[in-house]
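Reader: I'm new to this one and would like a close look at a single part of it. Could you walk me through it slowly?

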Amino acid sequence: MRLLLVEDDAGLSDRLRLELEKTGFAVDVAADGVDAEFMGGSEPYDVAVLDLGLPGRPGLEVLRHWRAAGNPLPVLILTARDAWHEKVDGFKAGADDYLSKPFHTAELIARLQALLRRGVARPHGPLRVAGLELDEDAQTVRILATREAIDLTGTEFRLLRYFMLHPGRVLSKSRLAEHVYDFDTERDSNVLEVYINRLRRKLGRDLIATRRGQGYVFGDDAG
Ligand code: CA
């Protein structure tokens, strides 16, 4: 999942970026409102964390502009402690959730995971698709029939999670790359194929079907 982190406090954003990447997000950081608005409007992020007090353009204005342009990006705003009016203004501007500073990173991550679940209308609890159960905390996958747990690298985990959130759909290489890698990673489609073949070796050949010229389909009836 790709995440846009908008925060002008460099210490906080460095720390959050590391924690979020460990949790399996591909993270891009914007430190001012103008860059943030541009990035959120031009890259296919899955979720954004938006600080309100920003240089260049206030966070609320960024959010209003995204919504006015029809951008449905799920947004969690970071507000000052006890500033209840910021929360009200944030929801009115189109925020999906908020967190007051200072906060625990574990709460931020739990709220982001809840937001992403809501986005794809899936029930709470572990993601179960095609005989697999994904453990998003441990970043492992279990084969339900045998209860065997399989370790995944960071990229394998992000790729498998994206497949499991979109079963039965044709996903192009460019779309997969956009949601699995951050801005700075070279999106080489040959590298993506390598990761797809690794997932096939670990989880079974038939789980990810190739549609020539179109992309890949994940799931039971992928073939
Ligand atoms: Ca700030």
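Predicted model: local features only at pLDDT ≥ 70, side-chain atom pairs only at ≥ 80, totals over all residues.

Author: "Buried" is used for a relative accessible area under 20%.

Let's build up to that pair. By the rule used here, the count comes to 2 aromatic pairs. One of them brings together Phe91 and Tyr98: the ring centres are 5.8 Å apart and the planes stand at 80 degrees, so this pair is edge-to-face, since the label applies to planes over 60 degrees apart. Phe91 is partly exposed, at 40% relative accessible area, and Tyr98 is partly exposed too, at 27%.

Now for your pair. Phe163 and Phe218 are stacked, with 5.7 Å from centre to centre and 25 degrees between the planes. If you're wondering why two figures are quoted for each pair, a pair of aromatic rings is described by the distance of the centres and the angle of the planes.

Stay around there for a moment and look at Arg161. The charged end of Arg161 sits over the ring of Phe25, 5.5 Å from the ring centre. Then find His166, in the loop between H6 and strand E10 (170–171). His166 counts as buried, because its relative accessibility is 10%. The His166 side chain reaches the backbone oxygen of Tyr162 at 2.9 Å. Setting aside neighbours within four places in sequence, His166 is in contact with Leu171 and Arg175.

Asp8 is partly exposed, at 35% relative accessible area, whereas Asp51 is buried, at 5%.

Strand E3 is also the place of Ala48. Ala48 is buried, with a relative accessible area of 0%. What does Ala48 touch, not counting residues up to four places away in sequence? The list is Leu4, Trp66, Leu73, Pro74, Val75 and Leu76. Ala48 and Leu3 are 45 residues apart in sequence, yet their C-alpha atoms are 5.5 Å apart in space.

Finally, step back to the whole chain. Its secondary structure comes to 8 helices and 12 strands. Among contacts between residues at least 6 apart in sequence, 55% join residues at least 24 apart. A compact globule of 223 residues would have a radius of gyration near 17 Å, and the chain has 18 Å, which agrees. Along its principal axes, the C-alpha trace spans about 50 × 35 × 30 Å.

Definitions and conventions:
Residues numbered from 1 in each chain as written. Heavy atoms only, no water. Buried < 20%, exposed > 50% of the residue type's maximum accessible area, 1.4 Å probe, protein only. Phe/Tyr/Trp six-rings, centres within 6.5 Å; stacked < 30°, edge-to-face > 60°. Lys NZ or Arg CZ within 6 Å of the ring centre and 35° of its normal. Helix = DSSP H or I, 4+ residues; strand = E, 2+ residues; numbered from the N terminus. Contact = heavy atoms within 4.5 Å. Polar contact = N/O pair within 3.5 Å; in protein donor to acceptor, adjacent residues only side chain to side chain. Rg over C-alpha atoms; globule rule 2.2 N^0.38 Å.
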